Amino acid sequence: MYKDFQSYLKTELGSIKKAGLYKEERVIVSPQRADIKVAGGKEVLNFCANNYLGLSDNPRLIKAAKKALDTRGYGMSSVRFICGTGDLQKELEKKISEFFGTEDTILYTSCFDANGGVFEPLFNEEDAIISDALNHASIIDGVRLCKAVRYRYANADMKELEDCLKKAQKQRYRIIVTDGVFSMDGNVAPVDKIYALAKKYNAMVMVDESHSAGVVGKTGRGTTELYKLRGKIEILTGTLGKSFGGAVGGFTTGKKEIIAMLRQRSRPYLFSNSIPPMVAAAGIEMFNMMSQTNKLQDKLHANTAYFVDKMKKAGFDIKPTQSAICAVMLYDAKLSQQMAAKLLDEGIYVVGFYYPVVPKDLARIRVQVSAGHSKKQLDKAVAAFTKIAKELKVLK
Ligand SMILES: *Cc1c(COP(=O)(O)O)cnc(C)c1O
């Protein structure tokens with residue numbers, strides 16, 4: 001059988017390559033940070049990681065992780081309810097609840113799992129899930145695993161959301177689901193308006209804070225800080241793999257009965273291993289740090305404003321952003337790839353996105369700013385962008 005299957009796979013892989021959609025991976029041989037070394041020895045400035053607060057190589061987190069290795073060992077070797085619950089995991093859940101102003105928190109090994117395991121235990125065919133069209137793949141998959149009736153509205157389109165809510169009055173319970181920050185444009189979901197519509201049409205709200213936690217709001221508490229809705233959203237999900245240190249781990253946080261039900265019935269929690277103690281310990285240290293100082297959040301906000309301003313002054317077409325994601329619009333797919341390749345030669349690592357990742361004719365380079373970037377590094381990026389854009393006649 002494999003011979004047939006093999007030739008089928010080879011043909012499929014060939015057509016992915018022919019369409020120019022084959023994903024190659026660049027190997028990094030240094031810690032993840034603002035300046036990285038890639039295989040072959042080239043040193044580049046990194047503008048394409050989700051390392052928003054620059055914590056991926058933070059000494060305090062590394063020290064906390066090392067200490068936990070010595071005191072709690074390497075792994076838990078069990079799911080939580082059998083014998084995989086450690087004191088550090090419990091403490092981390094408490095820290096996450098404090099950070100977001102929520103009642104309780106449940107940890108997963110990723111936010112993909114958190115989203116994959118949140119809907120099916122809570123809702124059935126009598127209920128409605130109303131989802132933003134640009135929500136993350138893990139939300140889409142999670143919704144697929146649940147029998148609830150599905151509604152979809154165009155990105156951040158409150159008119160379409162309202163239409164969905166009217167239709168969904170037929171169902172028993174309703175929940176509106178949105179990413180906090182949409183990763184291709186960097187726009188923040190209008191959670192204030194979503195919340196108002198939820199009140200008007202008797203619905204609940206879930207926000208995935210993966211790209212907004214640590215970034216959005218003065219102290220990085222996410223969309224509920226920005227819109228003054230702390231404690232009011234029923235479900236928040238998020239990741240420890242972006243702003244919060246960048247290792248692994250995800251969580252669902254919110255109303256305590258919801259979290260209690262997930263502990264009983266959420267399949268990725270019940271049937272998958274605990275996060276390792278060192279990751280929990282580093283997470284605790286990270287939340288301690290963020291409750292002591294706002295330095296990193298302030299630096300990230302200042303860096304983003306500085307970079308966006310300089311790029312606009314240089315003449316670039318930048319999508320309005322309320323996050324650390326800056327979309328440099330080029331519109332043309334080929335140009336976005338050429339420009340990213342040339343920027344890499346200049347020592348600036350960025351990625352060009354084009355259809356089907358973003359809509360046709362809206363190709364762009366996505367720049368992700370970090371608190372780990374120095375002003376000098378930001379200046380270097382702007383200078384390289386300007387030089388290459390002139391070469392490619394994007395700028396005059
Ligand atoms: C990155 C991301 C996830 C997945 O997080 P992991 O912890 O890496 O699985 C889920 N949702 C959104 C919106 C994300 O951006």
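Which helix gives the most to the shell around the ligand? Helix H5, covering residues 111–116, does so with 3 residues; helices here are DSSP runs of H or I with at least four residues, strands are runs of E with at least two, and both are numbered from the N terminus.

Before going further, here is what you are looking at. This is a predicted model, in which local features need pLDDT of at least 70, side-chain atom pairs count only at pLDDT 80 or more, and totals for chains, interfaces and linings use all residues. Residues are numbered from 1 along each chain as its sequence is written, and side-chain values use heavy atoms, leaving out hydrogens and water.

Let's start at the ligand. A residue is near it if one of the residue's heavy atoms lies within 4 Å. There are 13 residues around the ligand, and those that come nearest are Cys 111, Phe 112, Asp 208, Thr 239 and Lys 242. Sorted by class, this shell holds 2 nonpolar, 8 polar and 3 charged residues. In this sorting, Ala, Val, Leu, Ile, Met, Phe, Trp, Tyr, Cys and Pro count as nonpolar, Asp, Glu, Lys and Arg as charged, and the others, Gly among them, as polar.

Now look for polar contacts, which are pairs of N or O atoms within 3.5 Å. Asp 208 has a polar side-chain atom 2.6 Å from a nitrogen atom of the ligand, and Thr 239 has one 2.6 Å from an oxygen atom of the ligand. In the side chain of His 136, an N or O atom is 3.4 Å from a ligand nitrogen. The protein covers 82% of the 380 Å² of accessible area that the ligand has on its own, as computed by the Shrake-Rupley method with a 1.4 Å probe.

What about empty space? Rolling a probe the size of a water molecule over the atoms shows where such space is left. On a 1 Å grid over the protein atoms alone, a cavity is a set of points where a 1.4 Å probe fits but cannot get out. The count comes to 2 cavities of 30 Å³ or more.

The largest cavity contains about 90 Å³ of space, a volume being the space filled by probe spheres set on the grid points. Among the residues lining this cavity are Arg 80, Gln 89, Tyr 108 and Asp 113. Strand E3 (104–108) and helix H11 (267–270) are the elements that give two or more residues to the lining.

The second largest cavity has about 50 Å³, and its lining includes Gln 32, Asn 46 and His 373.

Methods. A polar contact is a pair of N or O atoms within 3.5 Å; within protein, one must be able to donate a hydrogen and the other to accept it, and residues adjacent in sequence count only if both atoms are side-chain atoms. On a 1 Å grid over the protein atoms alone, a cavity is a set of points where a 1.4 Å probe fits but cannot get out, and a pocket is an open set with protein on both sides within 12 Å along at least five of seven lines; lining residues have an atom within 4 Å of a point.
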